[in-house]
Amino acid sequence: MTDVTLTTTTEAGELSRKWVIFTGRLVLALALLLAWEIGARTMGAIFFAPPLDVAMRLVELVRNGQMLTDIVATLRVSALGFVIACIAGVLLPFLLRRSPRLDAAVEPYIMASMGIPKYALAPWLILWFGIGDAPKLVVVVLMVFYIIYIATSAGIRGVDGRLIAMARIAGASERVIAREIIWKSLLPFFFTGLKVALPRAVSATIVGEFLVASEGVGHYIENARQTSDTVGVFAGIVVATVLVLVINAAVNVIERRALAWRPVEREMQV
Amino acid sequence: MTAAPLLEVKSLGKRFPTRAGREPSPWVIQDLSFAVRPGELVTIIGPSGAGKSTLLNMIAQIDTASAGEIVFDGAVVASHDARALRPGFDRKIGYVTQDDNLLPWRTTIDNVLFPIEVQGRLDGKMRAHVEMLIGAVGLAGYERYYPHELSGGMRKRAALIRTLAYDPPVILMDEPFAAVDAQTRTQLQADLLKLWELGRKTIIFVTHDITEAIALGDRTLVLSRQPTHVAAEHLIPIPRPHNVADIFAVEGFAAIYERIRAAIQ
């Protein structure tokens, strides 16, 4: 009898807890919208576009297909740059692992080049690569590469040497060890890097589009700014934010699947 | 009893590299020799810090020897050059370490299949063989569990049959049952002997527990303090099959126990 009551109370408690969180989030969202509206009224529509106007603009952009075109343009550059940077950022530490001396020789250069502000390179990149996708691509690759490179290197250093010894004794080749032991154990590091790098890839593309582009979310925002279309600027920012959030959610789903074996995912939830 | 040895350790020595500005590092192991016949289960016992793990690491070729040689089936195994090491000597020497070293992202069955998989020998027959082993050590029903979902004893069993499954002619065991409670340990020892009776592998089993050395072994080598060498050798005069749980009640146990204890300084 006691058991039953106890269970129901906990379940009810769990349920009401979820409702409290949901209500809290809703209240916060409304408060933000309200602050936005008040801001628009006190500072004027040139500096602060009213939320309703922005919403209407978003609907319009969906209807006339402009939003899809811009998103596709932005994603094309960020995704391609992201993939290139990931491949390089993962492969390089794996190659350097095989030769500690080469690793020691190369590392200071990689660290030094990381210090270069990537956006400062923009004028030079335009000079070299013209005004197509290429200069934006280079900036995205540079932004993402270092994050993935550092995450992967840290992951490789963290691999349990005893597991590698076990695999060697069992007759595993170096390639199998790289794939089955090192790659698998650095996955949590890789995903952490991924989550840091993804929003930056999108941001870098958008900033690139401010400078050179004929389409894309960044181009839309910059275009709106030049014509004093504050509503357009805000609409563009909303689109960019939602884009990053959606990509992040997708990475989270992939991560949960790839790391399903981890105890923390299932047992450490409070 | 006079069969040619499968594995011979000859005047083996080990010293670790000297650090700059220090005295030359001492010999950890010096002039250590013994031989193991095919199908023999030899237990090695010694004081802690005697370099037991270092000895097995050298035989398994994950560590270099500083002197002497190891001969496996007529071929010289030990290398003094780290780059020339061949860990596991072409899958001929298996190694069950103190830690289970299960891959946390693989389930029990996939962990046990790992060596077979990387050796490209995975087929229906192997799979059936592995399922038999899993059943034999009581892991049936836990095939799809991840290591962190298993108890310490279960993880030991999985690690044990992972090495037995790919059937290396010699298996080294480095205190594999040291970290489990006494009851589980007795069960694990019984499991090991059961599996050994099935296939009669050649096993070198390192332990610091005299009872375990007697319960499992045909022969027990007693190691000295550093620099380590073989201080004494004792045949275990207890007829097979050994009953691990009652080993101390067997006639002759007390005498051999006393002799081994006296040999360990």
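Colleague: How far apart are the centres of domain 1 of chain B and domain 2 of chain B?

Modeller: This is a predicted model. Taken over C-alpha atoms, those two centres are separated by 24 Å. Domain 1 of chain B covers 26-78 + 88-92 + 169-265, and domain 2 covers 104-167.

Colleague: How do you know which residues of these two domains are in contact, and how many are there?

Modeller: The test is C-beta atoms within 7 Å. By that test, 12 residues of domain 1 of chain B are in contact with 11 residues of domain 2 of chain B. Helix α5 (residues 182-199) of chain B gives the largest share of the domain 1 side, six residues. That side divides into eight nonpolar, one polar and three charged residues.

Colleague: And chain A, how is it divided?

Modeller: Its assignment gives domain 1 (1-47) and domain 2 (51-267). The C-alpha centres of these two domains of chain A lie 32 Å apart.

Colleague: What makes G51(B) buried or exposed?

Modeller: The cut-off for buried is 20 or more other C-beta atoms within 10 Å. G51(B) has 21 such neighbours, so G51(B) counts as buried. G51(B) sits in the loop between β3 (41-45) and α1 (52-59) of chain B. Setting aside neighbours within four places in sequence, G51(B) is in contact with K14(B), V28(B), I29(B), Q226(B) and T228(B). V28(B) is 23 residues away along the chain, yet the two C-alpha atoms are separated by 6.5 Å.

Colleague: Then why is G135(B) called exposed?

Modeller: Exposed needs 12 or fewer. G135(B) has 11 other C-beta atoms within 10 Å, so G135(B) is exposed. G135(B) lies in helix α3 (residues 124-136) of chain B. R200(B) is 65 residues from G135(B) along the chain, and their C-alpha atoms are separated by 19 Å.

Colleague: Where does α4(A) bend?

Modeller: At V106(A), by about 35°. A proline, P108(A), follows within four residues.

Colleague: What makes α4(A) hardly covered?

Modeller: The count of buried residues among its 15 residues is zero.

Colleague: Which residues touch the most other members of the largest nonpolar core?

Modeller: The core has 127 residues, and V140(A), V144(A), I148(A), A201(A), I161(B) and L172(B) touch the most other members. Helix α6 (residues 134-157) of chain A supplies the largest share of this core, 13 residues. Beyond four places in sequence, L172(B) has contacts that include L56(B), I59(B), A60(B), I93(B) and I204(B).

Colleague: How many residues of chain B are in contact with chain A?

Modeller: 20 residues of chain B are in contact with 14 residues of chain A. On the chain B side, β6 (93-96) and α2 (108-118) each supply at least two residues. The largest share, three residues, comes from α2(B).

Colleague: What kinds of residue make up that side of chain B?

Modeller: That side divides into 12 nonpolar, six polar and two charged residues.

Terms used
Residues are numbered from 1 along each chain as its sequence is written. Chains are lettered from A and ligands numbered from 1 in the order in which they are written. This is a predicted model: local features need pLDDT of at least 70, side-chain atom pairs count only at pLDDT 80 or more; totals for chains, interfaces and linings use all residues. Ala, Val, Leu, Ile, Met, Phe, Trp, Tyr, Cys and Pro count as nonpolar, Asp, Glu, Lys and Arg as charged, and the others, Gly among them, as polar. Domain bounds come from an automatic or database domain assignment. The bend at a residue is the angle between axes fitted to the seven residues ending there and the seven starting there. A nonpolar core is a set of buried Ala, Val, Leu, Ile, Met, Phe, Trp, Tyr and Cys residues joined through C-beta atoms within 7 Å.
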